[in-house]
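Hi,

Here is the structure I promised to pass on to you. My notes on it follow just below, with the cut-offs spelled out.

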Amino acid sequence: MSKTLIVFGTRFGATHRSSEVIAKVLKEKFNHEVELVKLSSKTENIELSNFENVIVGTSIAYFSWTKRVKKFLKNDFSGKKLFVFISSAALTYAALEKGEMEKYEKHKKRFLDNVVKKNANVQPTSTAVFGGWIRKGKTEEFSLFNWKEKDMIKWANEIGKLTS
Ligand SMILES: Cc1cc2nc3c(=O)[nH]c(=O)nc-3n(C[C@H](O)[C@H](O)[C@H](O)COP(=O)(O)O)c2cc1C
């Protein structure tokens with residue numbers, strides 16, 4: 001049975017929901033043992049030696065990763081399969097949705113590929129860009145909502161195949 005750690009940082013909740021969808025697919029369809037950890041000031045040291053696969057997800061807001069996830073990337077992932085995703089609703093994913101591929105590649109490089117290259121000691125086996133949401137002030141209404149569960153399900157299936 002594959003042991004998989006999912007570590008994420010979120011500001012508005014989308015990365016949490018995405019992580020839960022990925023966990024469900026890996027558990028139910030691929031029989032992974034999954035531990036889901038939201039990084040916070042209370043997160044104790046995570047024992048990475050327990051896991052063969054590590055999935056790292058971060059919210060992108062104010063053009064940046066959540067700082068704890070960025071720091072987590074500096075762990076030693078030697079001998080493990082690393083997977084990384086970002087929730088970049090307003091820029092990267094929005095460009096993909098509009099088919100603006102040059103813009104998408106530019107943002108993906110800046111907000112995903114280059115950050116991983118600079119901070120992680122192993123090349124990810126696979127990466128993904130997801131949407132998210134922006135609420136209208138403190139209301140329940142959205143000014144932007146492009147979070148699509150099917151995107152996470154698709155990527156989780158890819159991860160399942162790459163780890164079995
Ligand atoms: C104040 C604010 C700043 C944001 N900045 C960015 C940004 O720089 N780039 C981007 O792609 N999306 C941006 N977004 C959209 C986020 O990607 C979206 O809210 C996503 O759901 C964030 O992930 P989270 O819900 O896990 O925090 C921003 C949203 C807010 C509310």
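Two strands pair if DSSP finds at least two bridges between them; helices (H or I, at least four residues) and strands (E, at least two) are DSSP runs, numbered from the N terminus. Before the details, please note that this is a predicted model, in which local features need pLDDT of at least 70, side-chain atom pairs count only at pLDDT 80 or more, and totals for chains, interfaces and linings use all residues. Residues are numbered from 1 along each chain as its sequence is written.

First, the sheet. It is open and parallel, with 5 strands in the order β2-β1-β3-β4-β5. β2 (33-38) and β5 (126-130) are at the edges with a single partner strand each, so one side of each has no neighbour in the sheet. On average, neighbouring strands are turned by 15° against each other, direction ignored. Strands β1 (residues 3-9) and β3 (residues 53-59) run parallel and are joined by 6 bridges; G9 has T58 of β3 as its bridge partner.

Next, the helices. Angles run from 0 to 180 degrees between N-to-C directions, and axes are lines fitted to C-alpha atoms, for helices over the stretch in contact. Contact between two residues requires C-beta atoms, placed from the backbone, within 7 Å. Helix α4 (residues 101-119) lies across β4 (81-87) and β5, at about 150° to β4. Helix α5 (residues 149-162) also packs on the sheet, where it touches β4 and β5 and makes about 175° with the direction of β5.

The axes of α1 and α5 come within 9 Å and cross at roughly 45°. On the α1 side, the contact is made by S18, V21, I22, V25 and L26.

Finally, the ligand. Among the 20 residues around the ligand, F12, A14, T15, S59 and G132 come nearest (near means a C-beta atom, placed from the backbone, within 6 Å). α1 (14-28) and β6 (133-135) each supply at least two residues of this shell.

Happy browsing!
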